[in-house]
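Trainee: I'm new to this one, so could you take me through the aromatic rings up close? Please take your time over the details.

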Amino acid sequence: MNATKTIDTTGIDIEKIRADFPLLSRKVNGKPLVYFDNGATAQKPNRVIEALNHYYRFDNANIHRGVHTLSREITLAYENARNTVRKHLNAANPYEIVFTKGTTDSINLVASSFAKKYISRGDEVIVSVMEHHSNILPWQQVCEERGAILKAIPINEAGELVMEEYYRLLSPKTKIVAVAHVSNTLGTINPVKEIIAAAHAKNIPVLLDGAQAVPHIKVDVQELDCDFYCFSAHKVFGPTGVGILYGKEKWLNAMPPYQVGGGTIKTVSFEKTEYADLPLKFEAGTPDISGGIGLAAALDYVNEIGLDAITEYEHGLLQYATTEIKKLKDVKIIGTAKEKAGVLSFAVEGIHPFDIGTLLDQLGVAVRTGHHCTQPLVAFYCIPGTVRVSFAFYNTKEEINIFIEGLEKAIRMLK
Ligand code: PLP
């Protein structure tokens, strides 16, 4: 499509940016693609595609184990990628950055390993009603295994955490708090600093699920003072199958390995195994090497555009889309928190979200429909699910116009 610079007051060169993403020029059902499913996964810039390509053409070797040139070169590149992630999150040390398969894997790692050491019968774990299943099920499972209790912070109608209830839930039995930084269904930016401060006042660690935050806002783990932070590369313009767990050194050192095997050890004998130092203790087996390098390329790309500009630009898109959608009859926005990032979810009275998604697809508009892996949340709103529009910095006001026209048409047809 012909993107223009009409809404750009942030210094974002939208034409140049769109040209960096080859998939954005694809047609879908004969129409120019309008990609509004960035919350599920984001498209990849040439920079990332080329980094993956280059790795397999010129650099492929295994890391951390070879003395030959290729192995040494790629080990260095992989560790440089780790340091790029460290800088991006402003972590104090590169060894506090663990490469995983993604957010889900990172949370499973913490839940499983942390629980083995710190959670026992009668203890409590706090999550919230708005969590993605990936930040519920690992905790639910370890609570069941260890006889602990999973508690959920309630939300209000706007989709904000009820903080007084959270403060009430914190108790000497609470062993960890795990909440989303940004909700994938509502777009709510949670007051994570307050959440962390209240937990820390009682010596309780906090894990933040940053899957929907890292693509949209600056994250500084030292400023937040969170104990764990997780995100997925593929939602921040990097490859699938790779993600990050940040953990404070003191916790990662204290926790037992999650999966074990090659790469995680110092010495092995049948009598006794001594595990490696951080971060290798948590990185069993050959990792997604090209994925780590691709993630670093994605973060470099994002940083060249600048996260402040991205946040402001996307805020403009969200405001515009919100204003336009409010003009339509029978549309109810789900998630009206004061602080929001990148997501507009809605329900249309009397119409199933799937039907809207299917008709929009005919017009080349890709949105997400359903429960978005947040069934307790959609149950709270007593709806089968929502239609979710989720933005990236390559989206435009013109695309929002196409979507709104399409939605109007879909409602007319389905009513
Ligand atoms: N947490 C949140 C808030 C998410 O939005 C998602 C994915 O949509 C996940 C966790 C799971 O991410 P992944 O599937 O990349 O592990």
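## A close look at the aromatic rings

Mentor: Start with one aromatic cluster, made up of Phe21, Phe237, Tyr301, Phe393 and Tyr394. Keep in mind that this is a predicted model, where local features need pLDDT of at least 70, side-chain atom pairs count only at pLDDT 80 or more, and totals for chains, interfaces and linings use all residues. Residues are numbered from 1 along each chain as its sequence is written, and side-chain values use heavy atoms, with hydrogens and water left out.

A search of the whole structure turns up 20 aromatic pairs. Rings of Phe, Tyr and Trp (its six-membered ring) pair if their centres lie within 6.5 Å; planes under 30 degrees apart are stacked, over 60 edge-to-face, and the rest tilted. One of these pairs is phenylalanine 228 with tryptophan 251, which is tilted, at 6.5 Å centre to centre and 40° between the planes. It joins distant parts of the chain: phenylalanine 228 sits in strand β9 (residues 228-232) and tryptophan 251 in helix α9 (residues 249-254), 23 residues apart. Those labels follow DSSP runs, numbered from the N terminus: helices (H or I) have at least four residues, strands (E) at least two.

How covered are they? Buried means under 20% relative accessible area, exposed over 50%, and partly exposed in between (1.4 Å probe, protein chains only). Phenylalanine 228, at 0%, counts as buried, and tryptophan 251 is buried too, at 14%.

Phenylalanine 237 is in the loop between β9 and β10 (243-247), while tyrosine 394 is in the loop between β17 (386-390) and α14 (397-414), so the pair ties together parts 157 residues apart in sequence. Phenylalanine 237 is buried, with a relative accessible area of 2%, and tyrosine 394 is buried at 0%.

While you're here, have a look at the cysteines. With a disulfide taken as a pair of cysteine sulfur atoms within 2.5 Å, the count comes to 0. Cysteine 230 is in none: the nearest cysteine sulfur, in cysteine 226, is 9.0 Å off. Cysteine 230 is buried, at 0% relative accessibility. For cysteine 373, the closest cysteine sulfur is that of cysteine 230, 16 Å away, which is too far for a bond. Cysteine 373 itself is partly exposed, at 26%.
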